[in-house]
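Colleague: Could we go through this model together, beginning with the ligand and then turning to the domains?

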Amino acid sequence: MSPKNKIYLSPPHMGSMECDLLMEAFDSNWIAPLGPHVDNFEDEIAKYIGIDHAAALSSGTAALHLALKVLVIKPGDKVLCSSLTFAASANAIMYENCFPVFIDSDPSTWNLNVNLIERAIIRHNPRALIAVDLYGQSCDYGTISQICKKHNVAVIEDSAEALGAEYKGQKCGAFGDISAFSFNGNKIITTSSGGMFLSDNEEYVEKARFLATQAREPEIHYEHKELGNNYRMSNLLAAVGRGQLQVLDQRVDARRAIFTRYYHALAQIEGIDFMPEADYGKSNRWLTTLTINPQITGIDRTQIIQALEKENIEARPVWKPMHLQPLYKDCEYITKDRRDISRELFVKGLCLPSGSSLGELDQDRVIDIILSNLST
Ligand SMILES: Cc1ncc(COP(=O)(O)O)c(C=O)c1O
């Protein structure tokens with residue numbers, strides 16, 4: 001018997017438009033960095049988000065790194081950051097020799113607990129906060145902006161996972177002094193690898209473009225006064241991104257429909273709890289995530305992942321929080337009442353296959369395996 005087709009966690013989902021635009025870029029010979037597709041991709045994404053300026057970069061990590069550089073965060077400065085995230089959010093802080101201070105999650109959103117921010121600011125006097133829109137869900141930016149403004153702390157919105165999601169009717173990526181998106185291969189839309197730096201502040205975006213092109217001064221020869229990076233997006237990848245952006249809303253609808261199907265099949269089982277959707281926003285449901293309480297279900301999330309793997313299906317644990325990573329074990333971590341919510345979410349949390357091209361039959365395969373393992 002041939003093995004069943006592999007189901008990936010979140011594979012790229014390409015259409016014909018991407019190919020047409022890519023071929024157009026190819027035929028025009030705009031292969032080298034930059035070109036008309038880069039300019040158009042920046043304009044189109046800024047318009048979609050409702051923000052004034054955007055700079056297309058080589059990755060979301062590059063966007064976060066440049067955010068700290070543009071805000072002139074200095075070595076030794078402290079930067080607050082959600083603990084429950086992918087390492088890239090925190091690594092950007094380390095690139096600039098700054099100190100991350102991690103903040104625990106709110107169990108009702110899984111995002112950073114906004115009630116801990118003021119305490120963290122008073123205790124650590126940070127220069128900036130990196131707020132992560134986890135698994136496609138917006139943070140509570142009304143509260144975050146109010147506290148950070150009061151204490152003059154810059155907000156960097158790490159919206160790498162949340163393109164197309166909303167906070168109070170406005171798109172994520174519009175709420176930081178600077179915001180970042182990722183277009184890596186597993187994101188809701190992809191350019192294979194890529195990222196975007198966004199801000200309403202034109203100077204910030206100009207500075208990001210300058211730093212991203214090796215901080216080359218506008219001279220006829222190669223003149224450098226500052227340390228730059230090679231972080232720009234190529235015209236070929238921007239062409240792919242423009243095609244992907246045209247179907248983004250369909251991708252959000254598809255991921256939300258996938259979440260809803262999982263929810264209807266599994267939510268009634270005692271011991272299973274899906275990541276809640278905050279009432280202030282609309283998640284893009286980049287990944288369907290849930291927790292499994294092994295004391296109730298008799299099986300833990302790792303056993304479920306292994307059972308799925310045996311059937312050629314990729315599932316993953318929820319992010320391992322940064323304060324539990326060996327790299328960051330000596331960093332400060334702010335929690336409420338000593339309860340470690342992000343750790344609990346990691347220990348029990350599971351991400352299910354959620355790609356927008358996942359068909360119902362394949363989704364049923366995932367659901368059936370989970371159900372059969374829960375009942376054994
Ligand atoms: C929350 C978060 N921040 C940052 C990144 C980094 O983006 P990239 O892989 O494009 O560098 C990712 C994804 O990889 C992410 O999930």
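This is a predicted model: local features need pLDDT of at least 70, side-chain atom pairs count only at pLDDT 80 or more; totals for chains, interfaces and linings use all residues.

Colleague: Which residue has a polar side-chain atom 2.4 Å from an oxygen atom of the ligand?

Modeller: Several side chains have to be considered here, among them Lys-187, with a polar atom 3.1 Å from a ligand oxygen, and Asn-184, whose side-chain N or O atom is 2.9 Å from an oxygen atom of the ligand. The distance of 2.4 Å belongs to Thr-61.

Colleague: Turning to the domains, how far apart are the C-alpha centres of domain 1 and domain 2?

Modeller: The domain assignment places domain 1 at residues 16-246 and domain 2 at residues 248-374. The two parts are in contact through 50 residues from domain 1 and 41 residues from domain 2, and their C-alpha centres are separated by 25 Å.

Colleague: What area is buried between domain 1 and domain 2?

Modeller: The size of an interface is often expressed as the accessible area lost when the parts come together. Carbon and sulfur atoms give 63% of the area buried here, and on the side of domain 1 the residues that lose the most are Trp-110, Tyr-135 and Ile-188, together 22% of what that side buries. The total between domain 1 and domain 2 is about 4,000 Å².

Colleague: How many salt bridges does the rule find across that interface?

Modeller: Polar contacts do occur between the domains, in 28 residue pairs, and the domain 1 side of the contact, to which α4, β3, α5, β6 and α8 each supply at least two residues, has 24 nonpolar, 16 polar and ten charged residues. A search of the whole structure finds 16 salt bridges, but across the interface of domain 1 and domain 2 the count is zero.

Colleague: Which residue meets Glu-277 in a salt bridge?

Modeller: Glu-277 lies in the loop between β10 and β11, and its partner, 21 residues away, is in helix α9. With an N to O distance of 2.7 Å, the partner is Arg-256.

Definitions and conventions:
Residues are numbered from 1 along each chain as its sequence is written. Side-chain values use heavy atoms; hydrogens and water are left out. Domain bounds come from an automatic or database domain assignment. Contact means heavy atoms within 4.5 Å. Buried area is the accessible area (1.4 Å probe) that two parts lose on being put together, summed over both. A salt bridge is a side-chain nitrogen of Lys or Arg within 4 Å of a carboxyl oxygen of Asp or Glu. A polar contact is a pair of N or O atoms within 3.5 Å; within protein, one must be able to donate a hydrogen and the other to accept it, and residues adjacent in sequence count only if both atoms are side-chain atoms. Helices (H or I, at least four residues) and strands (E, at least two) are DSSP runs, numbered from the N terminus. Ala, Val, Leu, Ile, Met, Phe, Trp, Tyr, Cys and Pro count as nonpolar, Asp, Glu, Lys and Arg as charged, and the others, Gly among them, as polar.
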